[in-house]
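Please examine the sequence and the model below before reading further. The paragraphs after them lead through the fold by its elements.

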Amino acid sequence: PPALCLTPCRCSGVGLALCQRLLDEDGRIHLCIACRNSQRSEATRDLILATHPAAQVSTVEVDLGNLASVLRVARELRCRFQRLDFVYLNAGIMPNPHVNFKALWHGLLSGRMLHMLTTAEGVMTQTDRLNGDGLQEVFATNLFGHFILVRQLESLLCGNEKPSRLIWTSSSNARESAFSLSDYQHAKGQESYSSSKYATDLTSVVLNRKFNKQGLYSSVVCPGLVMSNMTYKILPVFLWMLLMPVMWLIRFFAKTYTLTPYNGAEAHVWLFKQKPEQLDALVKYHSCTSGLGKCYVEPRKMDVDEETAEKFYQQLLELEKQALEKYSDLLD
């Protein structure tokens, strides 16, 4: 039967490119796109149908940073579908990002500039805040909302005729040094985005241990440096106009400078075509682009400790228990 794919998406960025590329691979699939409001959902659906007019595209409305919204959409999906073959966990935020120009200068003097430009290590800081659920906003949106969604959709993901897949969008900025088990929501630091992406890597590793025997497999991808709405917020527009020619040149030395959403979706699409049983649960699949524009995927071992991953998973389960108690009226 045709694959049924759920992916957070909006009118630009990797999510939209992913939807279009998946339909290029198999026009029979049923795409269900998730957006934060119905107007955006319909606009995104129209863009997809403009290039693939015969496609099956449905929509759901969900704010991954709002637990009530996540629980409502999970209930809706359980009513609408009997199974999900692929869930692309792609939603993410980076509020008020700032560039540490002093760190960049030191990187230039120490010869670590290319490393810093490709990983954003020591360069990017963000200002986080609490959301309406009393959770750190970046943690809630980038990880916990996805985690709750997956847990609520287990009946659609486990025990199917063929394996189901979770594909998380992580980052090369996912670093252990930004993450702490004692502050896993990253309330005390200034690298909440990096922390949430490292937490994503940990979560994927544990989910494979817990659910592979039930036919559910989890993978992690990095889209590389993609010029999207999130990226453009980091610097003023005029600076990006000056920097773009330089960034295209950097791509000859930094293969993760994918730059376009189409290129950034390369690893997502590659995983769509793989047999999950043959994939390494401890590998992150990176979208890469050569200096001449050729797209390819590079697997890299993740710097994750499986014992830390298990401890973090238990903390997520405890936080989930508290959340479900609060929103018991939204459960079946």
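Predicted model: local features only at pLDDT ≥ 70, side-chain atom pairs only at ≥ 80, totals over all residues.

Residues are numbered from 1 along each chain as its sequence is written, and side-chain values use heavy atoms, with hydrogens and water left out.

The description begins with the sheet. Eight strands form an open sheet with mixed pairing, in the order β3-β2-β1-β4-β7-β8-β9-β10. Strands and helices are DSSP runs numbered from the N terminus: E with at least two residues for strands, H or I with at least four for helices. Two strands pair if DSSP finds at least two bridges between them. The edges are formed by β3 (56-61) and β10 (295-301), each of which pairs on one side only. On average, neighbouring strands of this sheet are turned by 25° against each other, direction ignored. Such angles run from 0 to 180 degrees between N-to-C directions, and axes are lines fitted to C-alpha atoms, for helices over the stretch in contact. Helix α2 packs on the sheet, where it touches β2 (30-35) and β3, and its direction makes about 165° with that of β3. Contact here means heavy atoms within 4.5 Å.

Within the sheet, strand β1 (residues 4-8) and strand β4 (residues 86-89) run parallel and are joined by two bridges. Leucine 6 stands opposite valine 87 in β4.

Strand β9 (residues 283-289) shows how a strand can be covered on both faces. In a regular strand the side chains alternate between the two faces of the sheet. In β9, Val283, Tyr285, Ser287 and Thr289 lie on one side and Lys284, His286 and Cys288 on the other, and all are buried. Buried means under 20% relative accessible area, exposed over 50%, and partly exposed in between, with a 1.4 Å probe and protein chains only. Strand β8 (residues 216-222) pairs with β9 in the parallel sense over three bridges, and valine 221 stands opposite tyrosine 285 in β9. With β10, by contrast, β9 pairs in the antiparallel sense over seven bridges; lysine 284 has arginine 300 in β10 as its bridge partner. β9 and β10 form a hairpin with five residues between them, and glycine 293 in the turn has a positive phi of about 95°.

How do two helices of the model pack? Two packed helices are described by the angle between their axes and the distance between the axes. Helix α1 (residues 14-25) and helix α2 (residues 38-51) pack at about 35°, with axes 10 Å apart. In this contact, Leu16, Cys19, Gln20 and Leu23 of α1 meet Thr44, Leu47, Ile48 and Thr51 of α2. The residues involved comprise five nonpolar, three polar and no charged.

Leucine 77 touches Leu6, Cys32, Val60, Leu153 and Leu156, not counting residues up to four places away in sequence. Cysteine 32 and leucine 4 are 28 residues apart in sequence and 7.5 Å apart in space, C-alpha to C-alpha.

Glutamine 152 is placed in helix α6 and is buried, with a relative accessible area of 15%. Leaving aside neighbours within four places in sequence, glutamine 152 is in contact with Leu71, Ala74, Arg78, Leu324 and Leu331.

Two loop residues complete the account. Histidine 186, in the loop between β7 (164-169) and α8 (192-211), has a positive phi of about 60° although it is not a glycine, and histidine 186 is buried at 9% relative accessible area. Leucine 259 lies in the loop between α10 (237-250) and α11 (261-264); leucine 259 has a positive phi of about 70° and is buried, with a relative accessible area of 3%.

Key
Nonpolar A, V, L, I, M, F, W, Y, C, P; charged D, E, K, R; others polar.
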